[in-house]
Amino acid sequence: MSYYKIGDLEQYFKHYKKSVREPRKFWGKIAEENFVWYQAWDKVFDFDMEKHDIKWFTDGKLNIVKNCIDRHLSKRGEKAALIFEPNDINEQAQVISYNELYVRVAKMANVLKSQGIEKGDRVCIYLPMIPELAIAMLACARIGAIHSVIFAGFSAEAIKTRVEDCGAKMVITSDGGFRGAKTIQLKNIVDDAIKDLSSVEKVLVVKRTNEAVQMKEGRDLWLAPLYEVAEESNVAQIMDSEDPLFILYTSGSTGKPKGMVHTTAGYMIQTAYTFNNVFDYKDDDIFWCTADLGWITGHSYILYGALLNGATTVMFEGVPSYPNPSRFWDIIDKHKVTQFYTAPTAIRSLMTEDYSYITGHDLSSLRILGSVGEPINEEAWHWFNDFVGKKRCPIVDTWWQTETGSILISPLANVTPTKPTYATLPMPGIQTVLMDELHNEITGNQVMGSLCIKFPWPSMARTIWNDHERYVQTYFSDFPGCYFTGDGALRDEVGYYRITGRTDDVVIVSGHNIGTAPIEDAINQHPAVAESAVVGYNHDIKGNGLYGFITLKVEGTTRDRENVKKEINQLITSHYGPIGKLDKIQFVEGLPKTRSGKILRRLLRSIATNRLDTFGDTSTMINPEVVQGIIDERQ
């Protein structure tokens, strides 16, 4: 039997058992039967768990773009590969066939080569959600360059950190971008970010908004003239299974962002496999994931997972509320979308709008709904089910991370019985365990613990760029022998998993992991601020909001506090990006600390979420007198 497609629940359990008992046979058969290789692998996997050196499909040779595009041309050449829906409703949507996508990616690949980009070079991409973003990613992968996409909402300082860390030789950006009613000056932000960086030799600029921009001679080039004269064919670079495919930065609980390195073969196989099974993909489907390609969800399920299956995938440039809150439903109706994969934040936001925005739209094309980025609350789950899916579309509540590369726990549409707020069962090959505080595995059901994975999987990140020790310390030191996800979970009476939230100082805001450390670094640069601590709290729309507890210097206490609050959020916007702005700011006399000087963040989280009975042990606190004042004045 083929292991690639799971047809029913009985087959899921058979496949799952096979994947645990005979992982080499299970993954080897999927890789052999469903993908194109220049050369077969020697071993399906090879692990050194002491060094955390993990390899899949060792010495296999392939190219992921050949698998995404070239192999589909004979049967699906005229099929739509990408549908681009612009921000402006008056701008024509673009439908790009597999044949056209091949030409556009080949030409872009030849442009990159003409500008000196070679296998192994890093290329940072800071573009809005336009076709050139997807094409640039695929062009990099075609020639063996390592792409690092930076979300086009990040600040110059956040871009600088990422470009500098990976030593990017090129940055691809645009004159600007549209987001709702706003125009964002992307090229200007890039100029500010890279002005002191010697590694960047070229900046390729896409024309999108037709804004006037400064072009630095010898460095900056408009893409269009180079693209126009580029050859329309390109031979895909032969890549090793473990050659890096991309670096994607994710927030850490401490320090600078972590450049997660994903390699070629394992990522390819598991993203394709999960796309097909989680979303019950069929040949005529129109798949729409509303994420941005700047996040892992966009990488794995707008682009790679979809194209590897020969699917039609929708790219949307805008926001759900522009020009009005019916935009999502307009697009589903217009393009006859069959799978709709979005974030609980978007669902909660749209729930607050008048129901008339949905009625009047034909949503009958929908077969499957999906949720991603954070645990979905029960009210949002039922609204999504009742009003969007009309109680006939299964909801796949997917759990995974930038580090995991692909979905690890999820219902399989039309296979797994769903349960509101539960991610349900692990995908085949994913050996999930719950661990207690003494690092022991918790067996049985109806239990809670730290969610870990005790056996490697193909799409897992291999390292942190230029910092393998941090990779080991972050993911493998808390529970030796296991990958620690940083999430807590409960397992119910039938073995379904429910994610209960982060156990560290990362807050999931609108589906995006926000590390509190860089936010605090930005706040502390304000001349009036002495110290700060940022924690998450429950937010009706975002899932979690950011709550800042801030002490002021003596000379800052007489300043207008409302102005200081505005200045703090301006600092965060400029140093990190608007997604890091604080929702609540409370000025306090002091922050609760241990005798060793460590801020008791769990106590601040309890105050922010009004759980005043969950302080736990406070015997190590050096300044208990500050706590009552913080409680009395909390927002």
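Helices (H or I, at least four residues) and strands (E, at least two) are DSSP runs, numbered from the N terminus. This is a predicted model, in which local features need pLDDT of at least 70, side-chain atom pairs count only at pLDDT 80 or more, and totals for chains, interfaces and linings use all residues. Residues are numbered from 1 along each chain as its sequence is written, and side-chain values use heavy atoms, with hydrogens and water left out.

**View A. The loop around N610.** Here you can find N610 in the loop between α18 (601-608) and α19 (625-632). Although N610 is a residue other than glycine, its phi is positive, near 60°. N610 has a relative accessible area of 48% and is partly exposed; buried means under 20% relative accessible area, exposed over 50%, and partly exposed in between (1.4 Å probe, protein chains only).

**View B. The loop around H439.** H439 sits in the loop between β21 (432-435) and β22 (441-442). This residue is not a glycine, yet H439 has a positive phi of about 70°. Its relative accessibility of 41% makes H439 partly exposed.

**View C. The cis peptide bond at P323.** Y322 and P323 are joined by a cis peptide bond, with omega about 0°. Look for P323 in the loop between β17 (312-316) and α12 (327-335).

View D. Strand β8 (residues 170-174) is largely enclosed by the rest of the structure, because five of its five residues are buried. M170, I172 and S174 point one way from β8, while V171 and T173 point the other way. Two strands pair if DSSP finds at least two bridges between them. Strand β6 (residues 122-126) pairs with β8 in the parallel sense over four bridges, and C124 stands opposite V171 in β8. Strand β11 (residues 202-206) also pairs with β8 in the parallel sense, over five bridges; here M170 stands opposite K202 in β11.
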